[in-house]
Amino acid sequence: MNTIQNPKNGSFSQEFKNILNYKIFPYVFFLIIIFIIYAKSVMFGITELDDKTLVISQYGYLQDPYNIISAFFKSIFNDSADTFYRPFLTVSWIIDTVIGGGRLWVYHFFDIVYHFIAVCLLFNLLKNLKIPHFKAFLFAAFFAVLPVFNQAVSWIPGRNDTLLAVFIFSSFMFFVKYSDSNSLKHIFLSSFFFLCALFTKETAFAALLVFPFYLVLNKRNDLKKKLILSILLFFACSLLWYFMKNAFTAAKDLDIMYLAVYTKAALIKLFPATLQYISKIFLPVNLKVMPVLSLFDSLLGIFVVGVITSLLIKSKNVNRSNILFGSLWFAAFLVLPYFQNNYFMLEHRAYAAVLGLIIILNEIKPGKNVKTVLPYLLAIYFIFFVCVSIININKFANKLNFATAAMLETPFNMKTTFLYGRRSLDNNTVRFGEYFMKKNYEDVSIRAKQKNIPSSAFLGLFAWQRGDMKAAKKYLTIAVDKNTDVHEAYAVLADIYVKEGRYEEALINMKKAFKVKPENPEYFRFLKLIFEKINSNKQH
């Protein structure tokens with residue numbers, strides 16, 4: 001362990017730098033600051049947005065440790081129509097379930113652990129990129145507390161991006177070591193972690209473009225040999241992933257029509273969404289659980305880009321290759337998710353991409369006048385980030401908090417008002433929830449109403465809860481005629497028919513409810529009751 005020398009000038013910043021010479025100090029600091037922010041998230045529940053489907057509903061599967069192998073032979077949602085292949089994400093939940101027996105705090109605890117690991121890996125990666133020890137520590141410390149990452153750490157499915165970062169940071173660290181040497185061990189380790197990243201999230205494909213570009217920009221010895229070997233290994237990993245994905249998911253052949261749709265979706269979002277992410281990384285004043293494109297955030301992003309550009313212009317001895325590489329990293333790891341026909345700009349997707357911005361920021365060289373006040377400005381900025389994160393993670397505490405935040409933050413979006421209305425069904429806010437569900441249902445066109453079957457189902461459930469059987473029957477009939485997957489709609493309509501003495505219609509709907517949700521014991525009991533009513537009528 002290194003010893004600390006007494007600083008000659010006795011300044012606080014110099015003493016702090018000397019404390020950093022203790023090898024363990026940065027990791028202890030990361031652990032403490034992450035614990036301060038996220039400790040309470042260990043007691044969080046679920047939001048019922050993907051976490052219920054991916055974890056709670058699959059408890060029987062996840063509790064079997066032998067399924068660590070079978071996870072590589074199924075889609076993430078275990079659905080015949082699912083196209084997402086992310087086995088390592090499933091494996092991580094199997095480990096949580098085996099250790100914790102399905103207790104929610106274990107999943108949240110390991111979400112924090114993966115964030116801590118990612119921060120530590122980033123710190124070491126930055127040092128391998130020849131960024132000075134103290135600056136690498138500052139960048140990693142800010143990375144640990146960024147409010148834009150709250151969704152990745154506090155929301156169970158957000159683990160997808162922390163795990164991706166763990167593997168992609170590991171892969172790139174060994175790739176950098178390989179570029180600085182001729183060690184085959186490093187390139188094979190880099191390829192292994194790249195494959196792990198692919199098995200976690202398809203965004204890892206960005207490495208196919210970004211990693212070789214690092215070699216070209218840095219003009220290493222034996223460039224041609226290193227390029228060929230790394231591309232061949234990474235391409236082999238990609239082929240393995242591709243064949244397994246096609247074999248075990250409902251992957252569609254990418255024809256010209258699909259390509260056109262995905263490209264159009266990406267181009268529409270390209271500039272405004274990227275600017276929006278940049279603004280939220282540096283100015284987290286408009287964080288949302290289900291964000292859509294926002295003019296305000298995009299304008300803030302333009303302001304941030306302008307400030308960073310002006311600081312780079314004023315800096316001396318700027319390495320333009322690093323700026324180019326950082327820009328490519330940020331764009332590549334951020335833009336790939338744009339190629340989905342999904343208009344929500346979920347904040348956890350920026351997790352791995354932020355490394356590119358760090359590489360760019362490292363090229364800013366503040367002047368002497370700025371250096372005197374910079375430590376105080378950074379301290380204020382850091383404390384601001386910590387405070388915002390501590391407050392913001394409460395949105396992910398439970399399903400009602402999440403739905404309420406979605407509705408308040410994005411009030412004119414059909415999905416968010418529907419989400420809030422649906423969550424209200426399970427709480428003492430039925431009338432309030434029904435208002436938003438009606439707003440969702442009545443504010444759309446007739447054509448949209450015909451497609452918006454879940455809203456009809458839940459409107460019917462709301463009306464039934466407050467005793468308005470006429471309205472309930474009206475909305476539920478619309479829903480079941482379109483074969484809704486909301487099983488309660490069939491069950492409640494069956495209950496209404498029983499009260500009306502229409503037992504045959506009740507039986508038809510109860511069978512449908514039982515088919516959608518066979519594990520519900522109440523449905524079996526209710527089926528038995530209806531059969532008894534029918535038999536009793538026949539005897540009379």
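## Burial and the model as a whole

A residue counts as buried when its relative accessible area is under 20%, as exposed when that area is over 50%, and as partly exposed in between.

The structure described here is a predicted model, and the average pLDDT of the protein chain is 83, with 82% of the residues scoring at least 70. The chain contains 27 helices and zero strands, and 50% of its 540 residues count as buried.

Two stretches call for care in reading. Over residues 1–10 the pLDDT stays under 50, and the model has 13 contacts beyond four places in sequence for this stretch. Residues 440–453 likewise have a pLDDT that stays under 50, and for them the model has 21 contacts beyond four places in sequence.

## The nonpolar cores

Which residues touch the most other members of the largest nonpolar core? Within this core of 130 residues, they are Ile-168, Phe-169, Phe-172 and Trp-329. Trp-329, when residues up to four places away in sequence are not counted, touches Ile-168, Phe-169 and Phe-172, and also Val-210, Phe-211, Ala-352, Ala-353, Leu-355 and Gly-356. There is also a second, separate core of 29 residues, and Leu-461, Ala-494, Tyr-503 and Ile-534 are included in it.

Ile-281 belongs to helix α14, which covers residues 256–282. Is this residue buried or exposed? Ile-281 has a relative accessible area of 4%, which is under the 20% cut-off, and therefore it is buried. Leaving aside neighbours within four places in sequence, its contacts are Leu-146, Val-148, Phe-330, Ala-350, Val-354, Leu-357 and Phe-385. One of these, Ala-350, is 69 residues away from Ile-281 in sequence, while the C-alpha atoms of the two are 8.4 Å apart in space.

Apart from residues up to four places away in sequence, Met-469 touches Trp-464 and Ile-496. Its C-alpha atom is separated by 9.4 Å from that of Leu-493, a residue 24 positions away along the chain.

## A cavity lined by helices

The structure holds one cavity of 30 Å³ or more, and the volume of the largest cavity is about 30 Å³. Its lining is formed by Phe-175, Leu-208, Phe-211, Pro-212, Ser-230, Ile-231 and Phe-234. Helices α12 (207–218) and α13 (223–248) are the elements that give two or more residues to this lining. In terms of residue type, the lining of the largest cavity has six nonpolar residues, one polar residue and no charged ones.

## Positive phi angles in two loops

Lys-130 sits in the loop that runs between α7 (104–128) and α8 (133–145), and its phi is near 70°, a positive value in a residue other than glycine. Why does Lys-130 count as exposed? The reason is that its relative accessible area is 62%, which is over the 50% cut-off.

Asn-317 is found in the loop between α15 (295–314) and α16 (320–335). The phi of Asn-317 is near 55°, which is also a positive value in a residue other than glycine. Asn-317 has a relative accessible area of 75%, and so it is exposed.

Technical notes: Residues numbered from 1 in each chain as written. Predicted model: local features only at pLDDT ≥ 70, side-chain atom pairs only at ≥ 80, totals over all residues. Heavy atoms only, no water. Core = buried A, V, L, I, M, F, W, Y, C linked by side-chain atoms within 4.5 Å. Buried < 20%, exposed > 50% of the residue type's maximum accessible area, 1.4 Å probe, protein only. Contact = heavy atoms within 4.5 Å. pLDDT = per-residue confidence, 0-100. 1 Å grid on protein atoms, 1.4 Å probe; cavity = no way out; pocket = protein on both sides within 12 Å on 5 of 7 lines; lining within 4 Å. Points joined across faces, edges and corners; volume = space filled by probe spheres on them. Helix = DSSP H or I, 4+ residues; strand = E, 2+ residues; numbered from the N terminus. Nonpolar A, V, L, I, M, F, W, Y, C, P; charged D, E, K, R; others polar.
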